[in-house]
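Hi,

Here is the structure I promised to pass on to you. Have a look at it first, and then read my notes below.

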Amino acid sequence: MITLNRVLFLILGALFSAYHLFLALSSLSTPRSPGPAIVAMVLYGVATVLSLWPTSPTKMPLWLAAFDLAVCVVIPILVTSQLDPAKDNGYATWYVAAVGTLMTICAVRRQQLVAWAGVGFLAVQTVVWAGLGALAGLGVIGSVVWVGVAVVISGSLAKAGRDALQFARAEREATEWQAAQEAHVMERQLRLRQTYRVAAPMLAEIVRRGGDLTEAERRECRYLEGAIRDEIRGRRLLNDDVRREVMDARRRGVVVSLLDEGGIDDLDQRGLETVLRRLAEAIRGTTTDKLIVRTVPRSSKTAVTVVGLRMSDDGAANALGADTEDDEVDLWLEIPRPVA
């Protein structure tokens with residue numbers, strides 16, 4: 001969010017407030033009795049210190065705004081009670097600029113209604129005490145202008161801050177989208193290169209021989225087809241060791257299915273290599289009929305499950321005339337998610 005420089009704002013507010021108090025001290029001989037003016041000075045000093053406290057939040061608390069408004073109501077009454085409206089009181093009317101300064105601080109600290117109420121009371125009290133012409137003569141109009149400028153500037157800065165946050169969020173989303181698209185493109189290119197590396201030699205041989213392949217070569221083509229399917233569905237479940245063990249398992253007659261559903265996308269390279277090393281060891285030498293390797297959602301402590309199924313005929317079912325086959329679990333392995 002775009003805001004006024006806090007330190008600069010505090011220093012300016014403190015200097016203006018101190019200047020008003022200096023004018024009040026220098027004009028204590030003008031009122032009939034200096035007592036009310038001194039009380040007004042103390043109230044103004046306390047309100048200013050509280051309003052400019054360095055550790056206070058940007059938005060002024062409601063209780064402090066109410067206190068400042070009460071001070072801006074009391075100060076003009078106290079000071080003018082000892083002044084003659086028919087005379088030129090000089091700097092004894094310091095309270096006008098003081099109220100304007102205090103209400104400007106309220107406006108900057110996002111209490112605009114309180115600020116308008118304070119200068120509004122000042123204007124009404126001035127008209128009642130010295131007449132309509134005193135608004136310009138005593139500087140009340142200037143105080144109102146200060147508050148107005150503060151409201152406009154703080155509102156503009158707040159809007160600019162919101163717009164900046166919106167633009168930053170939109171830019172971040174666009175950057176993330178672009179990065180995701182580039183990652184998808186790189187992933188596709190990687191898979192295409194891997195598929196080409198696997199399939200190109202056999203495809204060239206098929207073309208050279210006009211499709212006249214031996215049974216062993218046809219089986220090898222089916223193994224390669226499975227390898228290509230692994231590149232599409234296996235994604236991060238594959239490295240050179242896993243590819244080699246899966247191909248060896250298929251050549252032993254094992255039906256292998258690799259399913260990466262995004263459960264290990266959060267693993268770093270070291271953790272991924274640990275999981276894939278365990279996976280390659282699990283596949284190595286297995287003699288099960290079907291082997292299903294699947295990633296597990298990230299919320300689980302398990303990264304990958306390996307399930308081996310063996311086809312077995314149910315003799316009792318066959319005796320009843322039901323020609324069915326049931327898959328029996330021959331292997332169950334849960335590869336744990338590496339601890340970061």
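Residues 91-108 have their end C-alpha atoms 26 Å apart, and this span is 78% helix and 0% strand. For residues 113-132 the end C-alpha atoms lie 24 Å apart, with 90% helix and 0% strand. Please keep in mind that this is a predicted model. Both spans come from the UniProt annotation "transmembrane region", in an unreviewed entry, which also covers residues 7-28, 34-53, 60-79 and 138-158.

Next, the nonpolar cores. The largest one has 39 residues, and Ile75, Val79, Trp94, Tyr95, Leu102 and Met103 have the most contacts inside it. At least two residues of this core come from each of helix H1 (6-26), helix H2 (34-51), H3, H4, helix H5 (112-130) and helix H7 (140-208). The biggest giver is H4, with ten residues.

Now for the strands. Strand E1 (residues 255-259) pairs with strand E2 (residues 290-295) in the parallel sense, over five bridges. Val255 stands opposite Lys290 in E2, while Leu259 has Arg294 as its bridge partner. Together with helix H10 (residues 269-283), E1 and E2 make a β-α-β unit, and this unit is left-handed.

Is Gln82 buried or exposed? Gln82 counts as buried because its relative accessible area is 17%, and the cut-off for buried is under 20%. The Gln82 side chain makes a polar contact with the side chain of Ser81, at 3.5 Å. Not counting residues up to four places away in sequence, Gln82 also touches Pro31, Arg32, Ser33 and Pro36.

Happy browsing, and do write back with any questions.

Best wishes

Conventions. Residues numbered from 1 in each chain as written. Predicted model: local features only at pLDDT ≥ 70, side-chain atom pairs only at ≥ 80, totals over all residues. Heavy atoms only, no water. Buried < 20%, exposed > 50% of the residue type's maximum accessible area, 1.4 Å probe, protein only. Polar contact = N/O pair within 3.5 Å; in protein donor to acceptor, adjacent residues only side chain to side chain. Contact = heavy atoms within 4.5 Å. Pairing = 2+ DSSP bridges. Helix = DSSP H or I, 4+ residues; strand = E, 2+ residues; numbered from the N terminus. Right-handed = clockwise from strand over helix to strand, strands pointing away. UniProt positions renumbered as here; feature names shortened; annotations may be inferred. Core = buried A, V, L, I, M, F, W, Y, C linked by side-chain atoms within 4.5 Å.
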